[in-house]
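Dear colleague,

Please find the structure below, handed over for your files.

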Amino acid sequence: MKSMHRIRVAASPAAAEPAGGGNVAVNGNGGGTATGGGAPASGYEILIGSGLLASVPSIVSRCAPAYRYAVITDHHVAELYALRMARGLHAAGHRVETFAFPAGEAQKTRETWAEITDAMLETGIGRDSAVVAFGGGVAGDLGGFVAATYMRGLPFVQVPTSLLAMIDASVGGKVGVDTPGGKNLVGAFHRPCAVIVDPDLLRTLPPEHLRAGLAEAVKHGAIADREYLKWIEESADALLAGDPEALSRLIVRSVEIKAEMVMRDEHETGPRKLLNFGHTVGHAVEALSGYTLLHGEAVSIGMVAETRIAERMGVAGKGTTERLRRVLSRLGLPTAMPMTWSAEEVVSRTRTDKKARGDRVEYALICAPGVPAQGIDGRWGYAVADEIAKGALGIGAGAGV
């Protein structure tokens, strides 16, 4: 195996302190004292390295020791890698059961959650077990939600297989399912015991899913690191070609940015809200499309729309929207809403988003590439009137700001 990066996500002091007071000790294997159904109280490690899939059994044994492991994945990943995963766990002396569901965002529902948990109960998975969430963002969110709720909580490990999951969805402990009302409206905060990222798994990732993952990397640069955003644009050809060195560099930097925000604000009451940039509009158009738009494609559209809102409000400087649109277009991502929906439909859909506050929808905005916007009241989010949002969203793809 080539060099491995270790990024530690430490819990906030309030979260890490047990009810009786005092400090929580970290064990020597990257995990921590378990609380709340096996979630590590002191934080967890994100391991990034080529060939790490072969080391999953030994890492899982150290970070989430259990009598039996439930591997939750989708049918596509199961066909490609689940047998290898199961054989590795068996060879390490573990009992393992695999629970696979049809691939796609449309399957991230309470119904799928119920099917998996029922199957786990029938198989005899008990509280001495742990979950391995193995796949893209859907498998990670769904598998993590099963872990958070099954028998009041099991420890779990994330093994992401898509770029979007590697750099965003697997980091931070947010798990959940979608409902007819919107994305991720039912869920929990449940820390993984470890996140194991093997960039080699991206070799089988379809090009459109690679591009979708790059949208989240652009988001990280837009809210936190202007030079990183510039590097993404300059490295577009290498990234789109799947260059291992470029992708590894991108994964490490994006994980660093997200991990830092999670450590500052684990439960999304402050600066972690910045990670929602592009997601208020993005979730709306993703749902309106019936999830035919990939999450990253919807977020790309959302980032451009929300930056246009910021310009109209005087929060972002003139030209910020066009700068962001150029980077996203360079990566082959959509930057304008399909003409299928009106601004009224999109804004109406945003009102069901979990970021809505009172009678207004809250948006994470930027002032400039790499410069997040913070309201005058210190809040990391702007309550935007529907009229302003409609006005910005009503502009055609080729119009100016």
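**Helix α10**

In α10, the buried residues are Ala246, Leu247, Leu250, Ile251, Val252, Ser254, Val255, Ile257, Lys258, Ala259, Met261 and Val262; buried means under 20% relative accessible area, exposed over 50%, and partly exposed in between, with a 1.4 Å probe and protein chains only. Helices (H or I, at least four residues) and strands (E, at least two) are DSSP runs, numbered from the N terminus. Helix α10 covers residues 244–264, which is 21 residues, and its span from first to last C-alpha is 30 Å, close to the 30 Å expected at 1.5 Å a residue. The expected span is 1.5 Å times one less than the number of residues.

The model is predicted: local features need pLDDT of at least 70 and side-chain atom pairs count only at pLDDT 80 or more, whereas totals for chains, interfaces and linings use all residues. Residues are numbered from 1 along each chain as its sequence is written, and side-chain values use heavy atoms, with hydrogens and water left out.

**The chain as a whole**

The secondary structure comes to 15 helices and 16 strands. Of the 401 residues of the chain, 58% count as buried. Among contacts (heavy atoms within 4.5 Å) between residues at least 6 apart in sequence, 77% join residues at least 24 apart.

**Helix α11**

Nine of the ten residues of helix α11 (residues 279–288) are buried, so this helix is largely enclosed by the rest of the structure. The buried residues of α11 pack against β10 (182–189), α7 (207–224), α12 (295–313), α14 (343–350), β13 (360–363) and α15 (386–393). Just after α11, Gly290 takes a positive phi of about 70°.

**Helices α8 and α13**

Helix α8 (residues 226–234) packs with helix α13 (residues 320–330) at an angle of about 40°, and their axes are 9 Å apart. Axes are lines fitted to C-alpha atoms, for helices over the stretch in contact, and angles run from 0 to 180 degrees between N-to-C directions. The two helices, α8 and α13, are therefore oblique to each other; angles under 35 degrees count as roughly parallel, over 145 as roughly antiparallel, 65 to 115 as roughly perpendicular and the rest as oblique. Leu229, Lys230 and Glu233 of α8 meet Arg323, Arg326, Val327 and Arg330 of α13 in this contact.

Arg323, in helix α13, is buried, with a relative accessible area of 18%. Leaving aside neighbours within four places in sequence, Arg323 is in contact with Lys230, Glu233 and Pro369.
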